Amino acid sequence: MTLPPNPEALLQAMQAIVGPTGCLSAAADTEPFVTDYRRIYHGKSPLVVLPATTEQVSQVMAWCYAHDVPVVPQGGNTSLMGGAVPDDSGTAIVISLKRMNRVLAIDTVNDTMTLEAGVTLSAARAAAEDSRRLFPLRIGSEGSCQIGGNLSTNAGGTAVLRYGNMRDLVLGIEVVLPDGRIFSSLKGLRKDNTGYDLKHLFVGAEGTLGIITGAVLKLMPQPRATSVAFVAVQNPDAAVKLLGEARALSGQAVTAFELISAPALDLVLGYLGDVPSPLEGRHDWMVLIELTSGTDEESLNATLMQILEAGLEQQWVVDAAVASSLADVQQFWRIREEISDAQTRTGGSIKCDVSVPLSRVAPFIEQASAAVLALEPATRMVIYGHMGDGNVHFNPLRPAERDAKDFLAQWYKPVSDLVDGLAHAENGSISAEHGIGVAKRDDLTKYKSAVELELMWQVKRALDPKNLLNPGRVLPRID
Ligand code: S2G
Ligand code: ZN
């Protein structure tokens, strides 16, 4: 093992590769790169390096590999699990992809978009729109999250029901390996059965196997019509039944189906301040339904009305507000998408991003809610999210009068263990879309088999034998 370089030698070597403007070392400059999105994880780093090209990333990695310098790859730094910031040892450099932000090609015959990893999701969606196409990934942090990070975490969001996760939307990838070699497969073919599909090793690996520097993404046809309704339902079971009916009556048109509990709506309306509830009165459970299709608006609206009427007839639906303008659609979605920041602003949110089979969502919510309320009866049950995927953000929130820090100190571990255990008992997942990072790393020893953990370590050791890439993230120690 060679001795880690002194900070001066490190800085000189990095500046020789990326130039002086591509290196940040002053604490004030590095702070935003070593503190996570929710300001829970505060790391340290001697240097943040901002390469402008894949070649530069390769040279930086080769140097770090030769000198045993750990590296934390970083996109938009919107990870909720502490997966994109260094630990507080001060030994790792951060490689930020934000300077690699070019859309390289849009091909509207093959329906592909080739771009660098540092392109933000909103810029990627805008570029697709300018070419009369849709890039369908839709998550609240789209203004700052980057395509490389979306791939590294296999991001999901509110349109997975129709279009899938990032894993389903990527056709090709370019990655710099820990030793600096470049794996590039940017052909953009929809069919290519020539050996292992290596790109899928790096999608969802959270920067622990390689640094994603580019990708070819699928483009979809732009929907011609969109119909949205904010619907009060009897309970989660009624919501599941309504989803089944919506799909039976509209086929592929159901693009989003987002569950929202009353405490979640109360919280976000309080946070927004100037937005009224779309519905009269208070309802325990609501769903935001979005249909999109290539047909005309009128027939899609008629289908939505058919779904709501069936829901009323079956007494699954209690009330509904159908969006009658783009402003309504935007307002309904703003309510849904701001729930996340409303929690961050309020503090004291125990985030359980779980998934269970759709058929078990309702009993899971009932059991888990009862179990949490038995511990702290005044807990606000902020439950919302992508129910159609079996994924709910089951995020118990501190009672209004409780101090956030005290509440989390008392309940974060017992409540998240309780909720994770109930999801696991339903053959569910303890992290449906947010990944593992460091927050859930040690929990994996409880919820992954020994063989799964051995296999993950075998892959890790094969690709990153010196354990330099994002060390301490995702994989728990098993030796
Ligand atoms: C969402 C955002 C993260 C959270 O709003 O869909 O993925 O749970 C979440 O606050
Ligand atoms: Zn989500």
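**From values to words**

Guide: Gladly! Of the 479 residues of the chain, 54% count as buried. Please keep in mind that this is a predicted model.

Visitor: What makes a residue count as buried or exposed?

Guide: Pro377 has 65% relative accessibility, which is over 50%, so Pro377 counts as exposed. Pro377 sits in the loop between helix 14 (361-375) and strand 17. Its C-alpha atom and that of Pro399, 22 residues apart along the chain, are separated by 8.8 Å.

Visitor: How do you know whether the chain agrees with a compact globule?

Guide: For 479 residues, a compact globule would have a value near 23 Å, and the chain has 23 Å, so the two agree. Along its principal axes, the C-alpha trace spans about 70 × 55 × 45 Å. The chain holds 17 helices and 18 strands. Among contacts between residues at least 6 apart in sequence, 74% join residues at least 24 apart.

Visitor: Which residues are called donors of the zinc ion (ligand 2), and why?

Guide: They are His386 (NE2), His393 (NE2) and Glu433 (OE), at 1.8 to 2.1 Å. A donor is an N, O or S atom within 2.8 Å of the metal, so these atoms qualify. In sequence, the donor residues are spaced H-x6-H-x39-E. His386 and Glu433 link distant parts of the chain, 47 residues apart. His386 is in the loop between strand 17 (380-385) and strand 18 (391-397), while Glu433 is in the loop between helix 15 (404-425) and helix 16 (444-447).

Visitor: Are His386 and Glu433 buried or exposed, and how do you know?

Guide: His386 has a relative accessible area of 3%, which is under 20%, so His386 is buried. Glu433 has 12% relative accessibility, also under 20%, so Glu433 counts as buried too.

Visitor: What is the phi of Asn470, and where is Asn470 found?

Guide: Asn470 has a positive phi of about 45 degrees although it is not a glycine. Asn470 is found in the segment after helix 17 (450-463). Its relative accessible area is 1%, under the 20% limit, so Asn470 is buried.

Visitor: Why is Lys351 called buried?

Guide: Lys351 has 12% relative accessibility, and that is under 20%, so Lys351 counts as buried. Lys351 is in the loop between helix 13 (339-346) and strand 16 (353-355). Leaving aside residues up to four places away in sequence, Lys351 touches Arg38, Ser340, Gln343, Phe394, Asn395 and Tyr412. The C-alpha atoms of Lys351 and Trp333, 18 residues apart along the chain, are separated by 21 Å.

Visitor: How many positive and negative side chains does the chain have?

Guide: There are 41 positive and 55 negative side chains, and the centres of the two sets lie 4 Å apart.

Methods: Residues numbered from 1 in each chain as written. Chains lettered and ligands numbered in written order. Predicted model: local features only at pLDDT ≥ 70, side-chain atom pairs only at ≥ 80, totals over all residues. Heavy atoms only, no water. Helix = DSSP H or I, 4+ residues; strand = E, 2+ residues; numbered from the N terminus. Rg over C-alpha atoms; globule rule 2.2 N^0.38 Å. Buried < 20%, exposed > 50% of the residue type's maximum accessible area, 1.4 Å probe, protein only. Contact = heavy atoms within 4.5 Å. Lys, Arg positive; Asp, Glu negative; His and termini not counted. Charge placed at Lys NZ, Arg CZ, Asp CG, Glu CD. Donors = N, O, S within 2.8 Å, 3.2 Å for Na, K, Ca; no water.
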